[in-house]
Amino acid sequence: MTSEITLFVNPTAGRGRGAHAAQPAAAALRAAGFSVRTVIGEEAGDALRRARTAVDGGTGALIAVGGDGMASLALQAVAGTRTPLGVIAVGTGNDFARALGLPVRDPAAAGALVAAALKEERIRDVDLGRVGATWFGTVLASGFDSRVNDRGNRMRWPTGRFKYDLAMLAELAAFKPVPYRVTLDDGVVHEVDATLVAIGNGSSYGGGMRICADADMSDGLFDVTVVGDCSRTTLLKVFPRVYKGTHLDHPKVTVHRAATVRIEAQGTTGYADGERLGDLPLTATCVPGAVRVLGP
């Protein structure tokens, strides 16, 4: 493995934590004997091009410093290659790092872990989801949760997880379940009026909402959580349980497992790793071992 490592940094992540987090990460890597080169991710398209250039040039690893958005951008550069990915999670959500058992908002610990993993070649093959040419690591959301995500992204206040709680309350006022057609790789078609359909490679989104609580990132399958036709009152009671994953026991919730999932619903948008994919229909495929991750 080459000794040159690339730090892929979002300086604005986590209200500025990204810029500060790069320093202890770089220090840990240099102390372990690696040469560190930094790519600043201020504008997504240009940052991704630079990251891909580093990967194509044979960098020893790409280390994403930021939140889930930065991790998602890094996945587009390393997925399907032999270049390992490290994650210094200092954003708002950090669901990708959380699902992998990596340190969250502790850049010194995360940097030390990445440096040790590089020295000891502790690299784990992890599944990814793919929609067209776009890779995702955690959850593809559609329905009520994607509307909450869209509203939350447009809110400047409050910050962190709480803005999504507030966005949820705002969306409840107008939301109605919509007819879905969900096709799994066994050929079975499920037609259901649903509040949301979430396709999970990882277990959580939105900073710890464990919508697909039992998802395993190394089994080659998605967990597909379908929340049926819920009243506003039921949704208000059930949704807080998502932080512990106990919502899966509710009679309105069904979980399927499949490697390929096609979801169709009129007027509904899909988000993956918190980033907008586009309007449904969308087809997601789970790709086993698509990325090599540094860590435990």
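How many salt bridges does the count come to? In this predicted model, in which local features need pLDDT of at least 70, side-chain atom pairs count only at pLDDT 80 or more, and totals for chains, interfaces and linings use all residues, the count comes to eight salt bridges. Residues are numbered from 1 along each chain as its sequence is written, and side-chain values use heavy atoms, with hydrogens and water left out. A salt bridge is taken as a side-chain nitrogen of Lys or Arg within 4 Å of a carboxyl oxygen of Asp or Glu.

The protein has eight helices and 15 strands; helices (H or I, at least four residues) and strands (E, at least two) are DSSP runs numbered from the N terminus. Of its 296 residues, 56% count as buried, where buried means under 20% relative accessible area, exposed over 50%, and partly exposed in between (1.4 Å probe, protein chains only). The accessible surface comes to about 12600 Å², and carbon and sulfur atoms hold 49% of this area. Accessible areas come from the Shrake-Rupley method with a 1.4 Å probe, and for residues only the protein chains shown count as cover. Among contacts with a separation of 6 or more, 70% are between residues 24 or more positions apart, contact meaning heavy atoms within 4.5 Å.

In soluble globular proteins, nonpolar side chains tend to be buried together. A nonpolar core is here a set of buried Ala, Val, Leu, Ile, Met, Phe, Trp, Tyr and Cys residues joined through side-chain atoms within 4.5 Å. The largest such core has 31 residues, of which F8, L62, L85, F96 and V291 touch the most other members. Two or more residues are given to this core by each of helix 2 (44-56), strand 3 (62-66), helix 3 (68-78), strand 4 (85-89), helix 4 (95-99), strand 5 (123-131) and strand 15 (282-294). Helix 3 supplies the largest share of this core, seven residues. A second, separate core holds 24 residues, including V139, V148, M168 and A215.

Several contacts were examined around individual residues. When residues up to four places away in sequence are not counted, V291 touches L75, V78, L85, R124, D125, V126 and L128. R124 lies in strand 5 and is partly exposed, at 28% relative accessibility. Apart from neighbours within four places in sequence, R124 contacts L100, V291, R292, V293 and P296. The C-alpha atoms of R124 and V293 are 5.1 Å apart in space, although 169 residues separate the two in sequence. T83 is found in the loop between helix 3 and strand 4, and this residue counts as buried because its relative accessibility is 10%. With residues up to four places away in sequence left out, T83 touches V55, T59, A61, L62, V78 and R292.

Side chains of opposite charge can pair when their charged atoms come close. One of the salt bridges joins R50 and D46, with 2.9 Å between the closest N and O atoms. Both residues lie in helix 2, four residues apart, which is about one turn of the helix. R50 is partly exposed at 45% relative accessibility, and D46 is likewise partly exposed, at 28%.

The side chains of R181 and E191 also meet in a salt bridge, at 2.5 Å from N to O. This pair links distant parts of the chain, with R181 in strand 8 (residues 178-184) and E191 in strand 9 (residues 189-200), ten residues apart. R181 counts as partly exposed at 34% relative accessibility, whereas E191 counts as exposed at 61%. R181 and E191 are linked with R262 and E264 in a network of salt bridges.

In a further salt bridge, the closest N and O atoms of D223 and R257 are 3.0 Å apart. D223 in strand 10 (residues 222-228) and R257 in strand 11 (residues 253-258) are 34 residues apart, and the pair links distant parts of the chain. D223 counts as buried because its relative accessibility is 2%, whereas R257, at 47%, counts as partly exposed.

L236 is placed in helix 8 (residues 232-238) and is partly exposed, with a relative accessible area of 39%.
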